[in-house]
Amino acid sequence: MGINRHRALKVAKEDILRAIVEFQTDSIEEIRQELETPESFTRAIDQLVTEGLVRISERSVRLTPAGEEAAGVIVTRHRAIEDYFRQEVDCEEAHRIAHKLEHVIIEEVVYSLKRIRELESKGRPLSGDEWGEGLITRVDIADSRLFDRMISMGICPGQWIRTIKRIHGGLIILLGNTQLAVDWEIASQIEVMFP
Amino acid sequence: MTASQGKKTLKVVLVGQPNVGKSCLLNALVGPCVTISNYPGTTVETTQAKREIGGTSFIFVDSPGTYSLSDRSEDERATKHALLSNDMDVAVIVLDACSLERGLYFALQVIESGVKTVIAMNFIEDAIEKGITIEYDRLGRLLGVPVVPFNPFTKRGLDNLIDEIRNASRLQSATIDVLYDDHIESVISMLIEEGLDISLPTRFVALRILEEDKDFLHLVNKTTMKRITDKISKDCLRITEDIARMRYGTASFLATQGTKIIHRETRKKEVIDSLRIDRWLLHRFGGPAFTLLFFSALFYTLLVVGGAIQCLLMTVSEDLIALIPVDGGFLTQMLIDGLTGVTAGVAMALPYVFLFYIILGLTEDIGLLPRFVVNVQRTLRFFHIPERGFISLMLGLGCTVPAVTSTRIIRERDQRVRLIFLYAFVPCSSRLGIILGVVAFYGGDRLVLPLFATLGIAALFWLLIMRILSKDKLDPILLELPTYRRPMISNIAHKSWLRMREFVVVVIPLLILGGVMYSLIDQLGGTAVLIGPFAFVTEGLLGLPAETIIPILFGFVQKDLTGAMLVSVLGGDVAAVMTPLQMFTFGVVTSIGIPCMIVLPAMSREIGWKNTFVIFVTTGLFSLVVASTAWRIALLFGFT
């Protein structure tokens, strides 16, 4: 409820900022056509002006220096998400996903996505040879219910994990404040990058 | 969902991930009625409790902990069914403030189901200590449901929680749409367009179908399913994984938005302490050694301390019975027999049951049980027994009935059947009473070790057979280890009482009834009818006095009757009638197999009557074979 009310306006504002940079246009009409939620357009423009992010003159809209900075963040965010999803789907789809996710995702996640994209190839399955704290880069389990169980316990790409000690047939790991015992079958499916 | 308007009773289900304090909250709301322990999987079935608060009557339903709605075992299924049943008015999701992300993952699934929801946040003080302040209002606004902090021990926040539950029951249920990527959304839309015929929100049902939830798959016909799978394979989606990933992403986002990190996150002190202790308790060699030592110490304590209490109780009760004037009358004799039965039964069982539950309570509260599981998992898996079954086996040292129910945490039915087979060799406290309170008491302490060794060898034989016969694959190990906690005396006392209540309410009346019935049958000359036909078993197969068939048969009605009846049948001084070898054989035959009748319905409910029948017959016959063989071997070596 709450989240939905705020979302439309936030989406419209961010779309406007991105459209100005990406399409290199200042025509209000062209930007309106690009919008995902055109009904929020006028209110979004008004708010952007109040926040000092854009200036309006006649039928055109321009970014202020603060606006340029904000738009830069959104464009970077969009590209990071697009880049991440391009591993799995084609470019057009990745763009569509990024277009949706850019509005709900926070900076830390974008940062993690970028890092994960960079680091994914560097992760290695947990084997008990490396100790300390590492970043989970990939969880690869064929059984979907087991995957869901692992995610719901916090074993999710982008999370920090600490290997504690070996036990017979597996090892003890720590995720945040959760201590888990896993056997090698599970451990070998968790890819981790140790700094 | 049901409209609660105009309805006086509110039905509220408490749900959440394991070990977040659901049962604690229930006890705080209505007074002690369920057991609380420091390990995931304490609660395996739903428990209801009623209470009138401020003019509204509430029915609170405690549910087994579950990590997500994708249930993997019987206990988790119970939670899902309780949550999604139509007669539930409000769901209270209990979250651990220190593990907010994973808790919110589960919360999002529940909110998606359209159930009216209130979030209750536990362990808030711990979170503050960690430097995390949760902005309850902000988090509540983002989720669209109220978030209430509480502390079950100080009762802080409980009034507020009750108010919010009342409010939530009057309002429309909240909706939060976790935004999935376009592919997933388009498949969701395809399913929604099919018009799924169910009272739950169609978006939620579509998600459950895509997450391969067996309870919902029947709602789509084969053609639609084919279209969906075609679309999924065309888009190369690993859809169940993608849904989980994006839901976790949203949970993570909400957790960050709803909290303020005051200082850099540090690990809880308890976690650091736990890790330090685990260096020793989970040591590759030290761990199993500690586990073995613990159980040896447990049995030794029961033998020594339990024996001393039994001795005291027996002396007092004999003195009391001696005060009754013997006039040879029928009723007086029945009174004396009834009293002898009950006092002997209580004296033989109570010290061991009581002591065991206190020690079990301590072990549970400290958080030792999951550590034992880690230490014995290799051995159990060698015999194809799932490691989580160890906790159930340990509960079996108390009473077999709740232990059988606790096997619900095991996913595969075959594995549950194999585990339940093992209860034939795990002495419940009543059987411990026979071993320690009858065999050791009358035959000497030196019999205890050979008796346990015989049980162990018999169990090992059985385990090897099961290992050869079982072909299925065990689930990989993924076990949460809770941090160690300081045991709370009040909790242990409550818990032991809840468990002991069975003994007082069921066993003591049965002991009285058994004593009186025996007296009646004996005085009418009925015992001879029973003793004669079974002499080939008692005297022939086992070398026992023929009368011992009475305690063996009565013991099957209620195990605690075994010792009491033995005393009744043989007269007060058992040691004068039976040799130590006979005591030993008697101990073996009464300690293996299904302990007593009341286990049968519980077993049949869990694994079906056919399996129950097979277990009952095979282990029963096996007990005779083991006892008979042990007797003959002992004779060969010249024991008497």
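Visitor: How many salt bridges are counted between chain A and chain B?

Guide: Three. Bear in mind that this is a predicted model, where local features need pLDDT of at least 70, side-chain atom pairs count only at pLDDT 80 or more, and totals for chains, interfaces and linings use all residues. Side-chain values use heavy atoms, with hydrogens and water left out, while residues are numbered from 1 along each chain as its sequence is written, and chains are lettered from A and ligands numbered from 1 in the order in which they are written.

Visitor: Why are Arg149(A) and Glu76(B) called a salt bridge?

Guide: The rule wants a side-chain nitrogen of Lys or Arg within 4 Å of a carboxyl oxygen of Asp or Glu. Here N to O is 2.9 Å, so the pair qualifies.

Visitor: What makes up the contact between chain A and chain B?

Guide: Chain A puts in 51 residues and chain B 60, with contact meaning heavy atoms within 4.5 Å. The buried area is about 5400 Å², and carbon and sulfur atoms give 54% of that. Buried area is the accessible area (1.4 Å probe) that two parts lose on being put together, summed over both.

Visitor: How do you know that S7(A) and S9(B) pair, and in which sense?

Guide: Strands are DSSP runs of E, at least two residues, numbered from the N terminus. Two of them pair if DSSP finds at least two bridges. S7(A) and strand S9 (residues 478-481) of chain B have four, so they count as paired, in the antiparallel sense. Gln179(A) stands opposite Leu481(B) there.

Visitor: Where are the domains of chain B?

Guide: Domain 1 is 9-170, domain 2 is 182-261 and domain 3 is 286-636; the bounds come from an automatic or database domain assignment. The C-alpha centres of domain 1 and domain 2 of chain B sit 25 Å apart.

Visitor: Why does Asp213(B) with Lys80(B) get the salt-bridge label?

Guide: The closest N and O atoms are 2.7 Å apart, so this pair passes too. Across the interface of domain 1 and domain 2 of chain B there are three salt bridges. The area buried between these two domains is about 2200 Å², 59% of it from carbon and sulfur atoms.
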